[in-house]
Amino acid sequence: MGETEEQLVASWRAEERAQPEGWDFSDLADRMTESPEPWDLVAIYRIALAGATSVLDMGTGGGEFLRSFGDALPPDTTATEGWPPNVAVAREALAPLAVEVFEYTAPDEDVDSVVMPFANNRFDLVLNRHESFSPRELARVLVEKGQFITQQVGGDEAHELKAWLGHHDELPHVNLAAMRRKLETVGFHVVEGAEHVGAYEFQDVAALVAYLQLVPWETPDDFTVDRYADRLLALHREAAGGPVQLTRKRFWLRALRQ
């Protein structure tokens, strides 16, 4: 006998969490899968780090990813993070590597509105994983021939959430072609890049709700299980209590400042 609607909503309510610290999805490892992109960002980073002397990691999250390169980082390595709950987490995680973490983000609606807290020509390598940025500011803080490597989330990823929840903020201009043009406008040469469309698969609506707690920017501002119970129940029925999928989009590029 299946669960009642009240039992389902109660089980989804149990997935609700406070704002996340860091970007750790390990608790969902056995409840969701995601299509891997066909490039190896870890290898790309390591190749670039091998020749770098001054590195900036933009949008370091809780410092988890950057810390995994601890053996390859030059002594002059700096990071930024714009999600307030993560700043202290990143500082603690990266302190053993002597990486200073600055609170900074480029607002999606106006990336040029906030100046990066760094001098001109400060870095020879800037790494950026899923963080907004100002091409103009990036050109300012990189040395001539300095490298910029970024992996980004496609701006219309998870578009299904609009149908399911009635609202989903999207940035359709965030794609490889548009980012290439913007970088070239301020003097970069894009050397290589690619994009990939895949999927996230969640074993059920409960797993989706757990995932949405970790990416609150993907949901309406007023999202809670109780407020959206009817929509979640409709999705549960549509999926027959089984897996649900979201579109996953990634792209990456490597550019040189001319």
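This is a predicted model: local features need pLDDT of at least 70, side-chain atom pairs count only at pLDDT 80 or more; totals for chains, interfaces and linings use all residues.
Begin by selecting α8 (205–214). This helix is mostly covered, with 9 of its 10 residues buried. Among the buried residues are Val 205, Leu 208, Tyr 211 and Gln 213. To see what surrounds them, display α1, β1 (32–34), α6, β7, α9 and β8, against which the buried residues of α8 pack. At the start of the helix, select Asp 204 as well: one of its side-chain oxygens reaches to within 3.3 Å of the backbone nitrogen of Ala 206.

Which residues have the most contacts inside the largest nonpolar core? Trp 12, Phe 202, Tyr 211 and Leu 246 hold that position, in a core of 30 residues. At least two residues of this core come from each of α1 (5–13), α6 (160–165), β7 (188–202), α8, α9 and β8 (244–257). The most is given by α8, which supplies 8 residues. In soluble globular proteins, nonpolar side chains tend to be buried together.

Now centre the view on Trp 12. Leaving aside residues up to four places away in sequence, Trp 12 touches Val 205, Ala 206, Val 209, Val 225, Ala 229, Leu 232, Leu 233 and His 236. Apart from this core lies another, of 23 residues, which includes Met 58, Tyr 104, Leu 253 and Ala 255.

**Second stop: strand β8 and its partners**

Select β8 next. Strand β7 pairs with β8 in the antiparallel sense over 14 bridges. Strand β6 (residues 142–153) also runs antiparallel to β8, joined to it by 7 bridges.

Move to the loop between α8 and α9 (229–238) and select Glu 218. Display His 168 instead: a polar contact of 2.5 Å joins its side chain to that of Glu 218. Beyond residues up to four places away in sequence, Glu 218 touches Glu 157, Ala 158, Leu 161, His 168 and Leu 212.

How many salt bridges does the structure hold? There are 11. Side chains of opposite charge can pair when their charged atoms come close.

Select Arg 237 and Glu 5 first. Their side chains meet in a salt bridge of 3.3 Å, N to O. The pair links distant parts of the chain, with Arg 237 in helix α9 and Glu 5 in helix α1, 232 residues apart. Arg 237 counts as exposed, at 52% relative accessibility, whereas Glu 5 is partly exposed, with a relative accessible area of 43%.

Then select Arg 13 and Asp 226, which form a salt bridge with the closest N and O atoms 2.9 Å apart. Arg 13 lies in helix α1 and Asp 226 in the loop between α8 and α9, so this pair ties together parts that are 213 residues apart in sequence. Both are partly exposed: Arg 13 has a relative accessible area of 37%, and Asp 226 has 47% relative accessibility.

Continue to Lys 249 and Asp 156, whose side chains meet in a salt bridge of 3.0 Å, N to O. Since Lys 249 is in strand β8 and Asp 156 in the loop between β6 and α6, the pair ties together parts 93 residues apart in sequence.

Select Ala 98, in the loop between α4 (84–94) and β4 (100–103). Its phi is near 60°, a positive value in a residue other than glycine. At 59% relative accessibility, Ala 98 counts as exposed.

Finish at Asn 121, placed in the loop between β4 and β5 (123–129). Asn 121 also has a positive phi, near 55°, and is partly exposed, with a relative accessible area of 45%.

Conventions
Residues are numbered from 1 along each chain as its sequence is written. Side-chain values use heavy atoms; hydrogens and water are left out. Helices (H or I, at least four residues) and strands (E, at least two) are DSSP runs, numbered from the N terminus. A polar contact is a pair of N or O atoms within 3.5 Å; within protein, one must be able to donate a hydrogen and the other to accept it, and residues adjacent in sequence count only if both atoms are side-chain atoms. Contact means heavy atoms within 4.5 Å. Buried means under 20% relative accessible area, exposed over 50%, partly exposed in between (1.4 Å probe, protein chains only). A nonpolar core is a set of buried Ala, Val, Leu, Ile, Met, Phe, Trp, Tyr and Cys residues joined through side-chain atoms within 4.5 Å. Two strands pair if DSSP finds at least two bridges between them. A salt bridge is a side-chain nitrogen of Lys or Arg within 4 Å of a carboxyl oxygen of Asp or Glu.
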